[in-house]
Amino acid sequence: MFYAIFDKILAMHFDLQPTLENDLIKMQPLKPTDFETLYAVANDPLLWEQHPNKDRYKREVFETFFKGAIESGGAFLVFDNKTNQAIGTSRFYGFDTNASSVVIGYTFIARDYWGKGYNKALKALMINYAFQFVDNVIFHVGAVNVRSQKAVGNIGGKKIGEVEMQYYGEPTKLNFIYKINKLNWQQGKTTNMQRPNTNEYGPFFQGYINQTTGNNFFELFKQNTTDTIQFFTNIPAEKLNYAYAENKWTIKEVLLHLIDAERVFTYRAFVGARCDNEQQLQSFDENNYVKNSHAHLRSLESLFEEFKTVRRASEILFENITTNQSKFMAKGATHPITPRALGYIMIGHIEHHIKVIKERYL
């Protein structure tokens, strides 16, 4: 009870426009007199190329944006802390004491500062400040703004939903909602597990890793789950017990093999996540497992239910692995392997088998 009351008192002192700085970034409250300074940054069509509202470089459109920023009471003018050059803006908004959350958004920085750590430094500065008062930080990112989606994902943002939003005085656009939890942020939980290095898995697994692209693990994992169910759903019922040659698996057996392999891969990742130096991970005879699976007796609905349940268990495990745990080298049968390597292998393994089905079964 005491801590709950203390947290509420602390939240009441959340200043949405503090002055903040770190080695790269300095932020100060945005003032009405800052219009020309900020518009000099915004007056670049390429800056808005992937943004839902692509015409903010136009003066009359930016005037509306700037008016909304001033009225929000949470907007900043952002500077390069080394040169004192204004490079962009961001803001706090949507402060919710009941949900213990605040939104960070309306962020842009000059293109000269892209890819140099400034955007990450800006978000880290705001997140660290916000977590003194709330437990969750939310981001609204345009559905077409792939660059910003990757940037939020790379700092640990997890997509939790979608929403139609109307920016101040601008048309309604679809946005993706991302969240970072305070505990995850402070403990370094890898809500966006980075791709493994080649020394983190044996050569055999390279083909599976090659089936995956991008660094946003959970985006890839969720999409892989959705695509897998959709793919098997669209296969004609008469094909499900079909094998393209003698002693080859049927399509149902392939699906059950994916479930079996997922369990094995997840256990291996679990051993690594617990930093077990003693356990020697073993290979498994997939053909023997398939032979004893009796997949032909299973309905497709039953297989889907098991697949989704196993997948969700895998996802929960990876959601709660820290960055250091994700890089722990477990003792593989022939080569050390890390949990994050196994995560990407799980995705690539399914992609591999779907590709084989397309080429040889359908």
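Author: What follows goes from the overall picture to one helix and then to one residue. Please keep in mind that this is a predicted model.

Reader: How many helices and strands are there in the protein, and what box do its C-alpha atoms fill?

Author: The protein has 13 helices and 8 strands, and its C-alpha atoms fill a box of roughly 75 × 45 × 40 Å along the principal axes. Of its 362 residues, 49% count as buried, and among contacts with a separation of 6 or more, 70% join residues 24 or more positions apart.

Reader: Which residues of helix α2 are buried, and why do they line one face of the helix?

Author: The general idea is that an α-helix has 3.6 residues a turn, so residues three or four places apart point the same way. In α2, which spans residues 35-42, the buried residues are F35, L38, Y39, V41 and A42. Seen down the axis of α2, these buried residues fall within an arc of 155°, and therefore they line one face of the helix.

Reader: What do the buried residues of α2 pack against?

Author: They pack against helix α3 (59-72) and against the strands β3 (75-80), β4 (86-96) and β5 (101-109).

Reader: Is E301 buried or exposed?

Author: A residue counts as exposed when its relative accessible area is over 50%. E301, which lies in helix α11 (residues 300-319), has a relative accessible area of 57% and is exposed. In sequence E301 is 68 residues from T233, while their C-alpha atoms are 9.3 Å apart in space.

How values were computed. Residues are numbered from 1 along each chain as its sequence is written. This is a predicted model: local features need pLDDT of at least 70, side-chain atom pairs count only at pLDDT 80 or more; totals for chains, interfaces and linings use all residues. Side-chain values use heavy atoms; hydrogens and water are left out. Helices (H or I, at least four residues) and strands (E, at least two) are DSSP runs, numbered from the N terminus. Buried means under 20% relative accessible area, exposed over 50%, partly exposed in between (1.4 Å probe, protein chains only). Contact means heavy atoms within 4.5 Å. The arc is that of the directions from the helix axis to the C-beta atoms.
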